[in-house]
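Me: I would like to learn how to read a few features of a structure, one at a time. Please give the general idea and then the case at hand.

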Amino acid sequence: ILVFGQSNIANYGVNTDTYQPSHNVRRLNLSGVWESALSPAGTTHLASGIDGNLDGRIGTNLITNNKYDEVYIVNVAVGGTQIGWWKSTALTTAYTKRVDDTFTYTNNRLYERLSFASTKASQLGFSFTHVLVCIGESDNAAGTTKAVFKSEFNTVANELQSLGITAPIFLSRTSYYTVANANIIDAQNELITENANTYSGPNTDLYTTDTHRYDGLHFNTVGLNQLGTDWASSIISTIK
């Protein structure tokens with residue numbers, strides 16, 4: 001599974017979360033080595049955050065539902081990013097490297113993370129079977145229009161194809177940043193409807209209260225558990 005997007009898929013869950021996969025759920029680290037998808041993620045992980053995360057939960061739910069025997073995850077997500085920042089032509093000034101982003105860039109482009117994932121897949125002899133995308137909060141804050149969000153997403157999706165990553169894309173409905181944004185949600189729903197290779201991920205905007213979030217934006221253990229179930233359910237209901 002390839003995972004990218006922003007903080008709510010990039011290991012910014014509550015830092016007291018100590019979830020451990022009960023099955024063989026592995027993720028690739030910065031050194032290109034598979035490790036257990038534990039929570040908190042720690043500093044060796046590819047995604048920018050180091051705290052509570054969804055990786056192990058998603059994989060475990062897929063396995064316990066008798067869908068797969070093992071799950072391997074390459075999570076290259078980065079907190080605070082917008083969808084347009086992930087395309088190969090995004091200007092180097094579009095992304096100011098976060099202090100907590102320890103990935104080594106050549107041109108300071110987030111696209112390099114997707115290219116890295118593609119290269120590692122080739123080197124390690126596997127093909128991605130799923131792509132999970134969770135993004136939209138920063139686009140909400142930046143005022144990204146529906147048309148622009150769709151256009152930028154389609155550009156990134158096409159570039160994944162060019163990298164040889166042809167797996168179905170599961171796109172969450174995600175916009176909540178203080179308030180929800182109907183334009184972002186409409187864009188995501190239309191992409192799921194219109195694109196043959198894009199499917200419905202969970203709706204993270206359903207969980208906006210302190211029951212699920214610890215700081216008004218990022219998820220606590222209850223929220224992480226819920227979304228781990230929701231992500232797996234989205235995959236299970238689609239992939240027969």
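Me: Which residues is A180 in contact with, leaving aside its neighbours within four places in sequence?

Reply: Contact means heavy atoms within 4.5 Å. By that rule A180 is in contact with N140, S175 and D205, once neighbours within four places in sequence are left aside. This is a predicted model, in which local features need pLDDT of at least 70 and side-chain atom pairs count only at pLDDT 80 or more, while totals for chains, interfaces and linings use all residues. Residues are numbered from 1 along each chain as its sequence is written, and side-chain values use heavy atoms, with hydrogens and water left out.

Me: Where does A180 lie?

Reply: Helices (H or I, at least four residues) and strands (E, at least two) are DSSP runs, numbered from the N terminus. A180 lies in the loop between β6 and α5. Its relative accessibility is 48%, and A180 counts as partly exposed. The scale runs as follows: buried is under 20% relative accessible area, exposed is over 50%, and partly exposed is in between, with a 1.4 Å probe and protein chains only.

Me: Is N11 buried or exposed?

Reply: N11 also has a positive phi, about 75 degrees, although it is not a glycine. N11 sits in the loop between β1 and β2 and is buried, with 2% relative accessibility.

Me: What does Q6 touch?

Reply: Q6 is in the loop between β1 (2–5) and β2 (25–28), and its relative accessibility of 2% makes it buried. Not counting residues up to four places away in sequence, Q6 touches A77, V78, G79, G80, T81, C134, I135, G136, E137 and S138.

Me: Which peptide bond is cis, with omega near 0 degrees?

Reply: The bond from S39 to P40 is cis, with omega near 0 degrees. P40 lies in the loop between β3 and α1, and S39 is in the loop between β3 and α1 (55–64). S39 is buried at a relative accessible area of 6%. Beyond residues up to four places away in sequence, S39 touches D17, T18, Y19, D51, G52, N53 and R57. S39 and S234 are 195 residues apart in sequence and 22 Å apart in space, C-alpha to C-alpha.

Me: How many aromatic pairs does the structure hold?

Reply: A pair of aromatic rings is described by the distance of the centres and the angle of the planes. Rings of Phe, Tyr and Trp (its six-membered ring) pair if their centres lie within 6.5 Å; planes under 30 degrees apart count as stacked, over 60 as edge-to-face and the rest as tilted. The structure holds nine aromatic pairs. One of them is the tilted pair of W34 and F126, at 5.9 Å centre to centre and 55 degrees between the planes.

Me: Why does the pair of W34 and F126 tie together parts that are 92 residues apart in sequence?

Reply: W34 lies in strand β3 (residues 34–36), whereas F126 is in the loop between α2 (111–124) and β5 (131–134), so the pair links parts 92 residues apart in sequence. W34 is partly exposed at 23% relative accessible area, and F126 is partly exposed at 25% relative accessibility. W85, Y95, F103, Y105 and F116 form one aromatic cluster.

Me: What pattern does the protein follow along the sequence?

Reply: There are six helices and seven strands, and the order is β-β-β-α-β-α-β-α-α-β-α-β-α. Among contacts between residues at least 6 apart in sequence, 70% join residues at least 24 apart. Buried residues make up 55% of the 240 residues.
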